[in-house]
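Have a look at the picture and then read on.

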Amino acid sequence: MLLQSALMWRWRRKSSERLPWYRARDYDGNLTEAEKRELDAFRSQPRHPAFEYEPLPEHVQMYISGLEIEAYDAKQGRPVVRAIVLSLAGAALLYANHYGFTPRDSIFDYAFGIALVVVPWIAYPFEWRKNADAFGPASEGILREWELAYITNAHLAAKQRASDRTA
């Protein structure tokens, strides 16, 4: 129990210390440090501007929320279906080994059947949590797209101002 709680604490600590995409070690883009600080300022706000739906009409907000819920349900349904199917296959294997036309006495057939019943339900919470993190309130993909669009628009506006001054 103590080991499990220590592992869970480490997992929570590790997941909360994720770096943004532009601060990751493998990032080799051309953002300046000032642009990175500006994006850091957005991320330090209580609510990131990428998740503000207020300028949109209410029916569009409801539509987007419905799509998000459908995508979340579809992605979270896959691990459940996979665990159920594998457990049923394991139960069928156990039944066939015990009551089949030619019952088997091998312990390995029974062990494999039991593993098919149990292992998917051990792996299920980890996969569910991974999927839940992907659809969390601060989905990294949504933040990245918004921040890339913001930086691109800032670059275009700077070029436009520079061309207006020269003209």
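## Starting with a tryptophan

In which helix is Trp-146 found? Trp-146 is found in helix H5. Helices here are DSSP runs of H or I with at least four residues, numbered from the N terminus. This is a predicted model, so local features need pLDDT of at least 70 and side-chain atom pairs count only at pLDDT 80 or more, while totals for chains, interfaces and linings use all residues. Residues are numbered from 1 along each chain as its sequence is written, and side-chain values use heavy atoms, with hydrogens and water left out.

Leaving aside neighbours within four places in sequence, Trp-146 is in contact with Phe-42, His-48, Pro-49 and Ala-50; contact means heavy atoms within 4.5 Å. Trp-146 and Ala-50 are 96 residues apart along the chain, yet their C-alpha atoms are separated by 5.7 Å.

Helix H2 covers residues 33-44, which makes 12 residues. At 1.5 Å a residue H2 should span 16 Å, and its end C-alpha atoms are 16 Å apart, which agrees. The expected span is 1.5 Å times one less than the number of residues. The buried residues of H2 are Glu-35, Lys-36, Leu-39 and Phe-42. These residues cover an arc of only 110 degrees around the axis, which puts them on the same side of H2; the arc is that of the directions from the helix axis to the C-beta atoms. On the face turned away from that buried side you will find the exposed residues Ala-34, Arg-37 and Ser-44.

What covers the buried residues of H2? The cover includes helix H5, residues 140-166. For H5, 27 residues at 1.5 Å each should span 39 Å, and the end C-alpha atoms are 39 Å apart, which agrees. Leu-143, Glu-147 and Ile-151 are the buried residues of H5, and the buried residues of H5 pack against H2.

## Salt bridges

How many salt bridges does a search of the whole structure find? The search finds 4. A salt bridge is a side-chain nitrogen of Lys or Arg within 4 Å of a carboxyl oxygen of Asp or Glu. One of them joins Glu-147 and Arg-43, with the closest N and O atoms 2.9 Å apart. Glu-147 lies in helix H5 and Arg-43 in helix H2, so this pair ties together parts that are 104 residues apart in sequence. Glu-147 is buried, with a relative accessible area of 0%, whereas Arg-43 is partly exposed at 23%.

Another salt bridge is formed by Arg-82 and Glu-127, at 2.6 Å from N to O. This pair links distant parts of the chain, with Arg-82 in helix H3 (residues 58-99) and Glu-127 in helix H4, 45 residues apart. Salt bridges that share partners also join Arg-23, Glu-33 and Asp-40 into one network. Within it, Arg-23 and Glu-33 have their closest N and O atoms 2.9 Å apart. Arg-23 lies in the loop between helix H1 (2-16) and H2 and Glu-33 in helix H2, so the pair ties together parts that are 10 residues apart in sequence.

## Two sides of helix H4

Is Gly-113 buried or exposed? Gly-113, which lies in helix H4, is buried, with a relative accessible area of 0%. Leaving aside neighbours within four places in sequence, Gly-113 is in contact with Gly-90, Leu-93 and Leu-94. The C-alpha atoms of Gly-113 and Ser-87 are separated by 8.6 Å, and these two residues are 26 residues apart along the chain.

Phe-126 also has its place in helix H4, residues 107-134. Its relative accessibility is 53%, so Phe-126 counts as exposed. Together with Ile-114, Val-118 and Ile-122, Phe-126 forms a nonpolar patch on the surface with about 390 Å² of accessible area. Patches are made of residues with over 30% relative accessible area and no salt bridge, with like charges joined within 9 Å and nonpolar side chains (Val, Leu, Ile, Met, Phe, Trp, Tyr) within 5 Å. Accessible areas come from the Shrake-Rupley method with a 1.4 Å probe, and for residues only the protein chains shown count as cover.

Conventions: Buried < 20%, exposed > 50% of the residue type's maximum accessible area, 1.4 Å probe, protein only.
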